[in-house]
Each structure stands twice: as structure tokens, then as C-alpha cells.
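Hi,

Here is the structure I promised to send over. Have a look first, and then read on for what turned up in it.

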Amino acid sequence: MYGGEWSLEKNIVYDFSRCKLCATNAASPKYKLKKTTVYACAACGFHFIDTLDGMPAEPTGDTAQALDRKAWDYIEGMLPANEKQLRGNLRLVKRHLSLSGARCLDIGAGAGLFAHLLAEAGAIVHGIEPQGIFREFVQRKFGIALDGETVDARRWQQAFAGFFDVVTLWDVLEHVNFPAEILQDAYNVTKPGGWLFLDTPRRDALFYRIGEWSYRLSGGANPLILESLYSPLPFRHKQMFTLRQLLELVEKIGFSVMRVHSSFLQPQNKMVLVCRKQ
């Protein structure tokens, strides 16, 4: 994965018996995988792994990874695979509001394709991407300057409080250290009447259940899909929500859920939420 030089902050200490969703001390190891352990909360049922990310270091000197031809080709090669989904996401957004002149924040912008599509649709685009190598790619490929500061930064929370017409979190919640806090930060920068669009894998989808059944029946020897779903590597999956957990969380924060796209049998296991700040 092209993520640049990585700096794991040594002062990050977290007691993983404390649930990252409901904050009760009711979590314990449930699935011991090869490279990580999945904790489950006895109080709310949330699943998360025993790893937190530090923040990526900015490129310095000769040791940092540059956006060389190999990295460029790798990132550019990801765009076609993501384009169909992101164009579908754009159509979803446009069904709910006009993007002409709309102030949009794409959190976790990655290779910048959705930010580019928003700009093409006439939106005023802001994007957040903590990995410098992606920010450089987006600047050179699309001419869009993404911000490296995460949405919890004071500048975002103060200068942009109640500012954005649209905030998007495409494939983000499963990757961040503390998803509830990210959703609260997103709420803070959304204007009253503004929209939140997000998608994330669904833990109560059939494929995940099959992984759990296989793990239990094999005594942990054959976890199937669970092994590929979670990883301690930077920016990989740290947690997964059920549909009920996600709905309850966004409503507790203050969003109204306007529409849900999901299915227990959906092959891609995604749930897509359309939410509005009242």
C-alpha cells in the first residue's frame, strides 16, 4: 500500500476492553486471527480490533516515499475499479440536492476521484486526505488541493462549524480509530439542513456470518473472510458496524436518517446511509 512514511505515535494507549462504540468496559477478545484480535462488546455487540493507527508522517529527506512512477501507476490503476461506484454515489447525492455552488467536504478523499466528480458537477470542493502521497497525486492529476489535517482538527471544527451543504464519508468509518467521534466531527461541520452521505461494510451481512460460523466450527483454524476483513496495518479495517448499530449512532449524534440502501444478502456487503442535519 502506498501510504508514505508512517509514524506511529508511541503515546497512543487504549484499553481495548473499553468499547469504541458505547464506551462501556464490556469488550473482550472474540476472534483471534493471525495478525490481530477482534474484540466484541458484551453490552452493544460492536466488533473492533486491538490496533490504533498513528498519523502518517510528512515526507522528509531521502527516507520518505515519493510519488514516483511506480506509485503513480499504482494509484492511477485503482481509479477505474472505483469509478463505477463513485459515479453511483454522485448520482445518489444529486438526487437529494443540486451540487451547483454547493459547499462539499469529502472526508478520506483517497485518490481524489469523488472530489473531482463533485467539482465537475459544479460543487465547491474541500477534501481531507491524511496520506501525503495521495494528496500529491490528486493535485497533479485533478488540480485539487486536499487538506492533510483530519476533520477533528481545531481549524475544521471552529472555522468550518456549520459550514458544509454536503459531507461525504465513502469507505471511511471502518478505517478510522474512533468512528463515533468522526461522525460527531462531521456533524459539527455540516450546516443545519445539510446532508451526510456515507457507506461502510455491513457486519450483519451473510458473508460475515459465514466467516463467524466457520471460525467457531473450526475452533478458530479457518476464519475465512474474517482474516481478510481486519488488519493491523495502517488505514486498514479496524471495526465493522451492523445496520442497527450504525443507524442508532448517527441518530444519537443528531442526524435524521432519510434513506438506507442495504441488504442482508448484498454481495458487496455495503450499507449506504443518506442523513440530514435538522
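**The largest pocket**

A total of 48 residues line the largest pocket, and those nearest its centre are Gly108, Asp171, Val172, His175 and Phe235. Bear in mind as you browse that this is a predicted model. The space in the largest pocket comes to about 1,400 Å³.

Where does the lining come from? Four elements each supply at least two residues of it: α1 (69–94), β6, α2 (113–120) and α5 (179–189). Of the contributors, α1 gives the most, with 6 residues. If you sort the lining of the largest pocket by class, you get 23 nonpolar, 13 polar and 12 charged residues.

**Salt bridges**

Now for the charged pairs. Side chains of opposite charge can pair when their charged atoms come close.

Start with Arg103 and Asp165, which form a salt bridge with their closest N and O atoms 3.8 Å apart. This pair links distant parts of the chain: Arg103 sits in strand β6 (residues 103–107) and Asp165 in strand β8 (residues 164–170), 62 residues apart.

Are the two partners buried or exposed? Arg103 has a relative accessibility of 28%, so it counts as partly exposed. Asp165 has a relative accessible area of 11%, and because the cut-off for buried is under 20%, Asp165 counts as buried.

Lys191 forms a salt bridge with Asp165, and here the closest N and O atoms are 2.5 Å apart. Since Lys191 belongs to strand β9 (residues 190–201) and Asp165 to strand β8, this pair ties together parts that are 26 residues apart in sequence. Lys191 is partly exposed, at 27% relative accessibility. Through shared partners, the salt bridges join Arg103, Asp165 and Lys191 into one network.

One more pair for your list: Arg155 and Glu149 meet through their side chains in a salt bridge, at 2.9 Å from N to O. How accessible are these two residues? Arg155 is partly exposed, with a relative accessible area of 34%. Glu149 is partly exposed as well, with a relative accessible area of 37%.

Cheers

Definitions and conventions. Residues are numbered from 1 along each chain as its sequence is written. This is a predicted model: local features need pLDDT of at least 70, side-chain atom pairs count only at pLDDT 80 or more; totals for chains, interfaces and linings use all residues. Side-chain values use heavy atoms; hydrogens and water are left out. A salt bridge is a side-chain nitrogen of Lys or Arg within 4 Å of a carboxyl oxygen of Asp or Glu. Buried means under 20% relative accessible area, exposed over 50%, partly exposed in between (1.4 Å probe, protein chains only). On a 1 Å grid over the protein atoms alone, a cavity is a set of points where a 1.4 Å probe fits but cannot get out, and a pocket is an open set with protein on both sides within 12 Å along at least five of seven lines; lining residues have an atom within 4 Å of a point. Grid points are joined across faces, edges and corners, and a volume is the space filled by probe spheres set on the points. Ala, Val, Leu, Ile, Met, Phe, Trp, Tyr, Cys and Pro count as nonpolar, Asp, Glu, Lys and Arg as charged, and the others, Gly among them, as polar.
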